[in-house]
Amino acid sequence: MSGAAALAGCGALRGGAGLVTVAMAESIVSIVATIEPGLLTWPLVEDAEGRIDAVNGEAIVQRARTMDAVAIGPGLGQSAGLKEIVRRLLFDTSVPLVIDAEGLNLLIGQTDWLRQRAGTCVITPHPGEFARLTGEFPSDDVDRRVKMATDFARETGVTVVLKGAGTIVAAEDEWSQNETGNSGMATGGSGDVLTGLIAALLAQGMSPMSGARLGVWLHGRAGDLAAAELSEPGLIASDLPRYLGRAWLSMRKL
């Protein structure tokens, strides 16, 4: 999914990351580069289905170790080889890591990998992804959602961003509920922008909890500013990076 990869990269750029490299299957490099010329692109060997092949594993690990933060999941797809790449990023690097989308789906049945990780990690599941990870779907009750997110954070040591109306951000010993955002953001690709944005904040030295909280707030604020001009029904994911600059400015006025 070239669009997902590009949206995550754009989120990282608008989040203040100076250089953003998007690693992808070689056949979609030109598409991603056309969407945003400010992204650096890294073409990787594909498998027979056009997904990133496991033979790239060592190169990915080595390059990840040179980065300030890494995000994995948007547009990734699923295969045994990709599962091994996720495992190696968790076990063989200590770089701050953000996992979303297919990266989370590749962890189903393997959440013990999160507990064994040396470095920090933020996961950003929507309710369906969270249910697949934990076996229990989050209810609409805020207290219940908070308990589920904080319990998982304590069990695994990760920071959880449980997306949805009133997104919950939870670590082992603290949590918060976000108040920005609107229903127009329930559109394909919105979460990919958030993944890149949080990764950019971690790359700038923020703690997982602080980076996740700020990222969620800015993401929602950008959505609110976009909806004020474009309407909630007319809002699409690619609008969000365009309004992140205004979100940053509005934060400074608070």
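1. Basis. The model is predicted, so local features need pLDDT of at least 70 and side-chain atom pairs count only at pLDDT 80 or more, while totals for chains, interfaces and linings use all residues. Residues are numbered from 1 along each chain as its sequence is written, and side-chain values use heavy atoms, with hydrogens and water left out.

2. Aromatic pairs. Rings of Phe, Tyr and Trp (its six-membered ring) pair if their centres lie within 6.5 Å; planes under 30 degrees apart count as stacked, over 60 as edge-to-face and the rest as tilted. The count by this rule is two aromatic pairs.

3. F91 and W113. The ring centres of F91 and W113 are 6.2 Å apart and the planes stand at 75°, so this pair is edge-to-face. The pair links distant parts of the chain, with F91 in helix α4 (residues 80-92) and W113 in helix α6 (residues 112-115), 22 residues apart. Helices (H or I, at least four residues) are DSSP runs, numbered from the N terminus.

4. Accessibility of this pair. Buried means under 20% relative accessible area, exposed over 50%, and partly exposed in between (1.4 Å probe, protein chains only). F91 has 32% and is therefore partly exposed, whereas W113, at 11%, is buried.

5. F130 and F152. These rings are also edge-to-face, because their centres lie 5.8 Å apart and their planes are at 70°. F130 belongs to helix α7 (residues 127-134) and F152 to helix α8 (residues 142-156). F130 is buried at 1% relative accessible area, and F152 is buried at 5%.

6. Charge over a ring. R63 lies over the face of W42, 4.4 Å from the ring centre; the criterion is NZ of Lys or CZ of Arg within 6 Å of the ring centre and within 35 degrees of the ring normal.

Terms used:
Helix = DSSP H or I, 4+ residues; strand = E, 2+ residues; numbered from the N terminus.
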